[in-house]
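Hi there,

Here is the structure I promised to pass on to you. Have a look at it first, and then read on for my notes.

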Amino acid sequence: MKTVVIGVIGADVHAVGNKIIDYVLTDNGYNVVNIGVLSSQEDFINAAIETNAKAILISSLYGHGELDCKYMREQCDEAGLEDVKLYVGGNIVVGKQDFREVEQRFKKMGFDRVYPPGMKIEQALDDLKEDIGI
Amino acid sequence: MKPYLLVDFGSTYTKITAVDLEHNFIIGTSKATTTVDTNVLDGYDKAMERLLRNHPDIKEDNISGFSACSSAAGGLKMAAIGLVEELTVEAAKRACLGAGAIVNMVFSHHMTKREVVKLEEADIDIILLAGGTDGGNKECIIHNAKKLKEAEIDVPIIIAGNKEAVDDIEELFEGTDIEYFVVSNVMPQLKKLDVKEAKEVIRKIFIDKIIEAKGIKKAEQKIGEIIMPTPEAVLLAAELLSNGFEDEEGFGELMVIDIGGATTDVHTIGEGFPKRTEVIMKGLQEPFAKRTVEGDLGMRYSANALLSLVSDYEFRKYFDEDDQCDHNIAKSLERRKEHVDFIPQTRDEEEFDKAIAKICCDVSISRHVGHVEVVSTPLGSMYYQTGKDLSDIKYVIGTGGVLINNADAKKILRSVNKTSNKKLELRPNNPAILIDRSYILSAMGLLSQKYPKNALKIMKQYLL
């Protein structure tokens with residue numbers, strides 16, 4: 001069984017989507033380690049190291065995601081998690097911006113998958129199966 | 001009268017406490033210097049002789065039984081190995097501390113050759129090897145096990161990490177002289193703490209091996225098995241006093257502080273959950289009975305370390321307001337470190353010792369209690385809580401030589417309280433303070449293994 005770490009980054013307390021992701025991924029055969037809301041980059045990374053996670057799925061709904069996610073890839077690499085896939089989704093930037101540009105920016109930051117607002121978790125599930133298997 | 005004897009082979013003194021199980025009172029206590037270097041029984045015999053001489057109603061043939069604990073020959077020294085510092089390393093440390101050990105060495109992630117050499121050279125009694133949640137990382141713990149094997153470590157190793165790594169490690173150790181024990185993972189799931197089995201095995205190794213290695217085994221001819229390290233006995237006493245037993249009610253959430261010559265130990269019994277709704281818990285789960293040991297806070301051996309923790313200016317704030325003496329802090333600390341058997345003779349020296357005790361108390365509590373951090377979110381202020389919220393603790397109990405013989409012990413212990421300059425620390429608000437004047441806590445922890453109700457009744461009478 002593959003392990004994934006999920007959580008809501010930064011000073012963000014939106015818990016509903018987080019629970020849905022937990023439910024759907026668990027239901028589809030993943031070992032989900034949910035670190036919950038108000039989580040820092042270090043929390044994600046420490047959890048991924050101890051649980052041998054193959055992917056980290058970061059949610060952010062309050063608009064500050066871009067700041068919170070800065071240097072996440074570098075921090076992971078530093079901690080020996082070069083092979084861990086990084087996903088991010090939600091309202092990850094301030095205001096309404098062209099998503100293609102947003103996606104480009106996050107990919108440049110080292111994220112493997114970037115999802116726009118309103119995206120269903122099932123879409124990410126397919127990507128997850130492709131990226132890390134079940 | 002039905003005397004029952006509790007024996008503590010301490011680092012300095014061998015202490016005997018005699019209790020009457022019929023009427024639940026302390027008949028008497030005695031002590032003599034611990035003689036672990038020659039024959040541990042010499043010290044014991046001397047203490048026993050004193051006890052019998054001072055209490056003629058105790059006869060050797062009417063003693064109904066013995067229980068004994070030990071912290072002689074340096075106590076129980078352990079090394080904790082884990083993966084991430086805040087997670088499995090911390091879980092491993094808590095298992096050791098909860099079992100009454102001193103954690104002398106800590107290693108995280110992949111151990112290097114240099115670290116293994118350091119471990120080999122150190123005087124360690126048991127190694128606790130953790131790392132990875134169940135189903136999580138197993139590569140690191142296996143790497144560390146290999147390193148320990150290569151070094152042919154001749155210290156018992158407790159394997160308490162990812163269960164999926166156990167088969168590989170057992171295969172590694174098979175056919176070697178390494179003595180190992182497999183227990184359940186100290187952190188089976190992320191942030192979840194499970195130290196029960198590890199603690200039990202630590203105690204078992206202590207009884208079976210360590211006692212012998214330290215030359216205390218001889219004592220067992222006279223008094224039967226030595227059942228635990230002394231600090232564990234104190235923790236058990238605190239747990240019993242908090243929880244109560246059957247219809248004998250306990251005190252509820254409480255804290256025990258033991259300020260010694262080399263270390264300051266803090267024990268708390270209680271969940272320490274957040275008291276408010278807008279608080280989110282961070283970090284590893286806290287043990288219900290938590291013990292921390294501060295090796296840099298002590299009255300003598302570690303006295304000179306104090307100035308690296310508090311400045312000269314801050315130090316002066318711990319003196320009483322009416323204390324007129326212009327203390328030479330550095331010199332006074334040095335003197336205590338040089339002469340560990342120093343006993344204050346003058347009022348100024350007493351005042352200085354009191355200030356040290358207050359610092360030990362204040363700083364050890366800062367480290368023991370939980371902390372909050374404020375985060376501003378779009379939904380208003382939220383709080384992270386790391387560690388236990390101990391603001392509602394009802395009792396603080398002081399024990400250890402400095403406190404029990406000090407007329408101002410309660411005043412010293414008031415430095416556990418919440419203060420305006422440490423607002424983010426979840427310190428006790430205004431607990432009742434009790435002193436273990438007859439120095440019976442460890443003895444009652446021992447007694448609680450066979451006679452919990454008697455031990456509880458006696459503690460309730462004798463903690464004042």
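I started with one residue of chain B. Leaving aside its neighbours within four places in sequence, Ala73(B) is in contact with Val36(B), Lys214(B) and Gly215(B). Please keep in mind that this is a predicted model.

As for where to find it, Ala73(B) sits in the loop that runs between β4 (65–70) and β5 (77–81) of chain B. Ala73(B) counts as buried, because it has 21 C-beta neighbours inside 10 Å and the cut-off for that class is 20 or more.

Next, the domains. Chain B is divided into domain 1 (1–72 + 214–224), domain 2 (77–209) and domain 3 (254–435). Taken over C-alpha atoms, the centres of domain 1 and domain 2 of chain B are 35 Å apart.

Finally, the contact between the two chains. Chain A contributes 15 residues to this contact and chain B contributes 19 residues. On the side of chain A that touches chain B, the elements giving two or more residues are β2 (31–34) and α2 (41–51) of chain A. Of these, α2(A) gives the most, with 5 residues. By type, the residues on that side of chain A divide into 8 nonpolar, 5 polar and 2 charged.

Best wishes

Definitions and conventions: Residues are numbered from 1 along each chain as its sequence is written. Chains are lettered from A and ligands numbered from 1 in the order in which they are written. This is a predicted model: local features need pLDDT of at least 70, side-chain atom pairs count only at pLDDT 80 or more; totals for chains, interfaces and linings use all residues. Two residues are in contact if their C-beta atoms, placed from the backbone, lie within 7 Å. Helices (H or I, at least four residues) and strands (E, at least two) are DSSP runs, numbered from the N terminus. Ala, Val, Leu, Ile, Met, Phe, Trp, Tyr, Cys and Pro count as nonpolar, Asp, Glu, Lys and Arg as charged, and the others, Gly among them, as polar. A residue is buried if 20 or more other C-beta atoms lie within 10 Å of its own, exposed if 12 or fewer, and partly exposed in between; C-beta atoms are placed from the backbone. Domain bounds come from an automatic or database domain assignment.
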